[in-house]
Amino acid sequence: MRRERVPELSLADYLHGPATARDAFGTELLHGLQRFGFVILRDHAVSLDLLDEAYALAQALFARSLANKLAHRGGLRGYTAFGTEHAKDSPHPDLKEFWQIGREAVPGSAVAEPLPPDVWPQGWPRFREVFLALYAGLEQTGRSLLGALVPGLGLAPGYFEPLVRDGDSILWLIHYPPVPADADPHCVRAAAHADINFLTILVAARGPGLELLDRDGQWLPVETRPRNLIVDSGGTLARLTNGVIPATKHRVVNPTGPHISRYSMPIFMHPTSSTSLACLPSCRGAGERWPPITAGELLAQRLREIGLAR
């Protein structure tokens, strides 16, 4: 029997189409996230040339010496070394290194939450320029997607805007090096986990390996053409919607062929830390599945669980 595939949607239908196309996009987006936890976006508004340049810069970044990369550690910004992070409830580290880029504080802004400073490679202004542009493009894509979900969730237009406009969304540049010959056989590039944010928007990676756990308990490869975007829903959205939009487990498996590097660039769309995740009235159903918590409390809990905070 032919396996199902993650649905592929045209974002241009929502951004530039008539009302009927916008409504259809929102319905298909909601159904795709409910059925798979994932959708694929084509015809998005992020420059393809920008994506290509970003991948080239990421490759050059991770080719730098370990000493140089370690000099750019900044906690939840900058470099995080290979083998630091592990999936929730897993004792085995993931086989990856990564670099985190967040929203930059605007002088004079009324944002209540302090933002940690970004860490930038010295003497490389193009790096900062490209990745701030990529951050802005992917974040705007996420805001559009959240807007498309509003009608299906019975919310007022613009409901998500104040929650994410000043949220601490974060862009990761991820490098999965060739798997070391002496690697622990229990370790994989990214062990099974569910994200903890509203939405993740991922530039289709250079290299296979991403798989989702479907509703039938089977691992399904998530494959698409280069430069498309892959979207998945996370735990913050699951809590807010009382599980109407679930957070789906996924993983990045080790290669079965030549052990070459894999690069990935996801942005994790986070609301402001003070955002209440009490379930939406339209999603309450037979009752709330989880106790009240804020987005900041949930994120802090997860960061401790995966080894990125104490």
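Which residue in β11 is the bridge partner of Leu41?

1. The model discussed here is predicted, and the opening question is settled by its sheet, where Leu41 has Leu229 as its bridge partner in β11. The two strands concerned, β2 (residues 38-42) and β11 (residues 229-233), run antiparallel and are joined by four bridges.

2. These strands belong to an open sheet of nine strands, whose order is β1-β2-β11-β8-β13-β6-β5-β4-β3 and whose pairing is mixed. Because β1 (8-10) and β3 (73-74) stand at the edges with a single partner strand each, one side of each is left without a neighbour in the sheet.

3. Two helices that pack on the sheet deserve a look. Helix α2 (residues 19-35) touches β1, β2, β8 (199-206) and β11, and its direction makes about 140 degrees with that of β2. Helix α3 (residues 48-62), for its part, touches β4 (77-80), β5 (97-102), β6 (170-176), β8 and β13 (262-269), with a direction at about 115 degrees to that of β13.

4. Helix α2 also meets helix α5 (residues 125-149), the axes of the two coming within 8 Å and crossing at roughly 95 degrees, which means that α2 is roughly perpendicular to α5. On the α2 side the contact involves Phe25, Gly26, Leu29, Leu30 and Leu33, while α5 contributes Leu145, Ala148 and Leu149; of the residues in this contact, seven are nonpolar, one is polar and none is charged.

5. Asn228 lies in the loop between β10 (219-221) and β11, and it counts as buried because its relative accessibility is 7%, which is under 20%. Its side chain forms a polar contact of 2.8 Å with the side chain of Thr224. Apart from neighbours within four places in sequence, Asn228 is in contact with residues including Glu8, Ile40, Leu41, Arg42 and Leu202. Arg304, by comparison, is 76 residues from Asn228 in sequence and 32 Å from it in space, C-alpha to C-alpha.

6. His250 is found in strand β12 (residues 250-252) and is likewise buried, with a relative accessible area of 6%. The side chain of His250 makes a polar contact of 3.5 Å with the side chain of Asp195, and it also reaches the backbone oxygen of Thr248 at 3.0 Å. When residues up to four places away in sequence are not counted, those that His250 touches include Phe38, His193, Asp195, Glu211, Trp219 and Asp232.

Terms used. Residues numbered from 1 in each chain as written. Predicted model: local features only at pLDDT ≥ 70, side-chain atom pairs only at ≥ 80, totals over all residues. Heavy atoms only, no water. Pairing = 2+ DSSP bridges. Contact = heavy atoms within 4.5 Å. Axes fitted to C-alpha atoms, helices over the stretch in contact; angles between N-to-C directions. Buried < 20%, exposed > 50% of the residue type's maximum accessible area, 1.4 Å probe, protein only. Polar contact = N/O pair within 3.5 Å; in protein donor to acceptor, adjacent residues only side chain to side chain. Parallel < 35°, antiparallel > 145°, perpendicular 65-115°, else oblique. Nonpolar A, V, L, I, M, F, W, Y, C, P; charged D, E, K, R; others polar.
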